[in-house]
Amino acid sequence: MTANAILAGAALGHLAGLGVEDFVVCAGARNAPLATSLLAKCRDHGLRVRHHFDERTAAFFALGLAKRRLAPVAVLTTSGTAAAELLPAVVEAYYSGVPLVPVTADRPASWRGSGAPQAIEQAGMFGPYAFALDVSEPTGLARLAEWEGDAPLHVNLCFDEPRAEDRNETWKPAPVSIQRNGTRADGEEIAAFTGDGDGLLVVLGELEPGWREEVERFLVLSGFPVWAEATSGLRESAALAGRIVLGEPPLPRRVLRIGGVPSLRLWRDLEEHAAIPVLSVSRRPFPGLARDSALLVTDRFPAVPLETRQGWVGDSTLLDAAPFAAHPRSEPAMVRELSRRIPSDALVYLGNSLPIREWNLAAALDSPHPRVRASRGANGIDGQVATFLGLSEGEAESWAVLGDLTTLYDLNAPALLTQLSPGRRRIVVLNNGGGRIFSRLPSLAGLPPKEKRVTENRHGRRFEAWAAMWGMDYRLWPASEPFPEVEGSGEVVVEALPDEAETEAFWAARK
Ligand SMILES: Cc1ncc(C[n+]2csc(CCOP(=O)(O)OP(=O)(O)O)c2C)c(N)n1
């Protein structure tokens, strides 16, 4: 057997042994030993293989698959800039704690620094964002056991010039046991921080399903007011009804954050209010604030010893329905309508920028969506269609709600559609003609139209031809018309066209 075949077989055996069941292949010459050996045995070992030509898209798709089950998913690339294309998804995976596994094929180590074609510096190229292995011999794979499994793992494999004989048809999964440094916070610390709850606001970021029950129990018992990101799964919780604060709450005197870093404006404002104590309880080791604050890192939300309280009776900032009724053609009102049209049991993926903020603000409380996902690790607008497609695997029905620039960023992702499980997939593009979140930012809102064309990338593009290119059905939803019928078993793009003047009026009325 050739050295390449031995290395490829050993690497695949270790990856399968780590629990990787999904592989996304971006084929090239240098990773041919790996790709051909994988294809030779994937069926026998129950492994799923998908492919894409664009490594950036493939990596985000792998991220979505890995987010679904919080299980490692590998993306295989050839050498050179192909490997560099993985960085954005690796960064997102690092901050959101997703076990994405980039596997990059490299030239032999002796080529480093030579500038030979497609020979770049790949060893450790993802810097702090991945636990990195640079492997020339199968023995180098032993260090896989040092990976903690809660953030990316980069395996860089050095292959000699590939040949047809490099296809390994005999490799087998080799169990690898990794050390997970499980951490469990002490509920007493949370109880000591919250005290009697005076002036406290609880802010919920993304909660993994395993956290939700315990967090809900704590909140029900405590009676504290709560601002809940849709991705917490508790925003529409019946048990918390009347205590969920919608919109931007006034500054509290103390903040307990649970789960991921929230998209709330108030959270960013806390940077300027260093005197307001903040405690974060999170699976990831990030306080989410650059100022001083306290952090408890834990795999599960602990039981918090609290006395049953009367329930919160402060002045709720519950948003009333009036602004939506007054401005039914505005973007937030359309998002509210959309939330009523999406079935409760569907998976919902919210794109960054306005979609996640508008959904948090406007989604109807009487139409619960406990299964909302987003990519809030690094808040990128890149790779969102691909991440959604990864998350939609195995789902009967899934909906993405994305901005127009966000969609334009990821136009080639639907090349994956023919490789996915059957299911109803709907992509709603909120087409407001550019990056309109910047019209909501004080630093950019007042610019003259000519300059806004630059800062917001204003455009008049439509998405019908995009849908047609990839065989997706298309529905236009102008603000003046009711939500269109969206039926059928496949993919549908719904292009929403909010009314600009009404959207401005909506936001002006909320100031
Ligand atoms: C990869 C990346 N580049 C740039 C940004 C900065 N950014 C945040 S929102 C945004 C505009 C998004 O526009 P669009 O998708 O149309 O959504 P809208 O703002 O209209 O809701 C940009 C460029 C980012 N978050 N991620």
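## Packing of helices H3 and H5

In this predicted model, helix H3 (residues 55–69) packs against helix H5 (residues 87–96) at an angle of about 20°, and their axes lie 8 Å apart. Helices are DSSP runs (H or I, at least four residues), numbered from the N terminus. Axes are lines fitted to C-alpha atoms over the stretch in contact, with angles from 0 to 180 degrees between N-to-C directions. H3 is therefore roughly parallel to H5, a term for angles under 35 degrees.

On H3, the contact is made by Arg56, Ala59, Phe60 and Leu63, and on H5 by Pro88, Ala89, Glu92 and Ala93. Residues are in contact if their C-beta atoms, placed from the backbone, lie within 7 Å. Six of these residues are nonpolar, none is polar and two are charged. Ala, Val, Leu, Ile, Met, Phe, Trp, Tyr, Cys and Pro count as nonpolar, Asp, Glu, Lys and Arg as charged, and the others, Gly among them, as polar.

## Domains 1 and 3

An automatic or database assignment gives the domain bounds: domain 1 (3–165), domain 2 (187–297) and domain 3 (322–509). In domain 1, 21 residues are in contact with 21 residues of domain 3. H3 gives the most to this side of domain 1, with ten residues. The residues of that side divide into eleven nonpolar, four polar and six charged.

## Basis of the model

Residues are numbered from 1 along each chain as its sequence is written. Because the model is predicted, local features need pLDDT of at least 70 and side-chain atom pairs count only at pLDDT 80 or more, while totals for chains, interfaces and linings use all residues.

Key: Helices (H or I, at least four residues) and strands (E, at least two) are DSSP runs, numbered from the N terminus. Angles under 35 degrees count as roughly parallel, over 145 as roughly antiparallel, 65 to 115 as roughly perpendicular and the rest as oblique. Two residues are in contact if their C-beta atoms, placed from the backbone, lie within 7 Å.
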